[in-house]
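Subject: The two-chain model, handed over

Hi,

Here is the structure I promised to pass on. Have a look at it first, then read my notes below.

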Amino acid sequence: QTTQSAPATSIASRELRLLIFDNRLDKQRQRLNNMSSNKSGHPASKKKESILALDKMIDGKIRVKCLGGRELKGTLRGFDELVNLVLDDCEEFLRDPNDPNSITDNTRKLGLVVCRGTQVSLISPEDGMEEIANPFLGDDE
Amino acid sequence: TTTHPLLAQHRWKNYQGVMASTGRVLPLELIDKAIGSKVWILMKGQTEIVGTLQGFDDYVNLVLADAIEYTTVDGEIIRKDLNAEILLNGNHVAVLVPGGNGPEDSMAVAAS
């Protein structure tokens with residue numbers, strides 16, 4: 001399903017951009033509603049908005065990459081503004097004992113977990129990723 | 001599908017008429033529910049800790065009783081019974097498993 005014209009873009013980042021765009025549309029609609037109903041803007045009580053709408057991924061399967069190289073997958077049951085996550089039926093991807101930077105498809109079951117937002121580096125939908133041939137190899141000639 | 005007991009408690013609270021706009025669980029609430037029971041902590045590197053959760057703070061620094069430290073070196077798991085109540089710095093805490101028994105638990109045996 002990857003198109004030839006955009007080899008370096010993975011499906012995951014496309015889906016994330018759609019989610020971010022969706023979120024921005026929602027915010028614009030909110031602002032328009034506020035303007036039309038003549039509400040005075042309350043800058044003092046403004047809540048910090050996340051750029052990623054995790055509530056759209058609730059009960060969906062996601063893949064989380066952590067800072068130290070750990071990778072998890074599970075069902076998103078909850079989150080907060082600091083991106084702490086609650087994952088159900090969580091599995092951790094195991095790494096090659098000789099090479100801690102490699103990642104295999106073998107997993108171990110963890111169950112219901114809390115993933116710390118301070119350690120999260122990437123969140124993507126579980127089936128939003130596909131491995132493609134290295135697009136940079138042809139440039140060596 | 002069976003629901004984890006800690007999740008089931010939360011859902012029951014919602015059904016009892018507590019105003020909740022979503023059925024979602026707050027992560028820090030789940031940690032709070034785990035106070036008093038065993039937790040399995042996965043740190044940023046290859047270290048894991050199992051202990052009974054006595055409490056935590058906003059930074060998820062943890063107080064654990066009867067702590068056991070597991071380190072993985074070259075595929076080998078080294079177990080160290082600290083047999084003490086420890087204050088674990090939340091800086092490198094990556095994953096918390098409430099009710100988890102640690103890497104030696106049969107549930108955590110690698111499943112493909």
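One term before anything else: contact means heavy atoms within 4.5 Å. With that in hand, take A:N84, which sits in the loop between β2 and β3 of chain A. Beyond its neighbours within four places in sequence, A:N84 is in contact with A:G78, A:F79, A:C115, A:R116, A:G117, B:P27 and B:L28.

Some housekeeping: this is a predicted model, where local features need pLDDT of at least 70 and side-chain atom pairs count only at pLDDT 80 or more, while totals for chains, interfaces and linings use all residues. Residues are numbered from 1 along each chain as its sequence is written, chains are lettered from A and ligands numbered from 1 in the order in which they are written, and side-chain values use heavy atoms, with hydrogens and water left out.

Back to A:N84. Is this residue buried or exposed? A:N84 counts as buried because its relative accessible area is 1%; buried means under 20%, exposed over 50%, and partly exposed in between, using a 1.4 Å probe and protein chains only. The side chains of A:N84 and A:R116 are also joined by a polar contact of 3.0 Å. That term stands for a pair of N or O atoms within 3.5 Å; within protein, one must be able to donate a hydrogen and the other to accept it, and residues adjacent in sequence count only if both atoms are side-chain atoms.

Now the chains themselves. Chain A has 1 helix and 5 strands, in the order α-β-β-β-β-β from the N terminus. Chain B has 2 helices and 7 strands, running α-α-β-β-β-β-β-β-β. Both element types are DSSP runs numbered from the N terminus: helices are H or I with at least four residues, strands are E with at least two. Of the 141 residues of chain A, 35% are buried, and for the 112 residues of chain B the figure is 37%.

Next, the place where the chains meet. Chain A puts in 30 residues and chain B 38 residues. Together they bury about 2700 Å², 60% of it on carbon and sulfur atoms. Buried area here is the accessible area (1.4 Å probe) that two parts lose on being put together, summed over both. A:L112, A:V114 and A:R116 supply 25% of what chain A buries against chain B, more than any other three residues.

How many salt bridges does the rule find across the interface? There is 1, and A:R108 forms it with B:E48, with the closest N and O atoms 2.9 Å apart. A salt bridge needs a side-chain nitrogen of Lys or Arg within 4 Å of a carboxyl oxygen of Asp or Glu. Polar contacts between the chains come to 9 residue pairs, both residues at pLDDT 80 or more. On chain A's side, β2 (71–79), β3 (85–93) and β4 (107–115) each give two or more residues, and β4(A) gives the most, with 9 residues.

Finally, look at B:L7 in helix α1 (residues 5–15) of chain B. B:L7 counts as buried because its relative accessibility is 0%. Apart from neighbours within four places in sequence, B:L7 is in contact with A:R77, A:D88, A:L112 and B:V25.

Cheers
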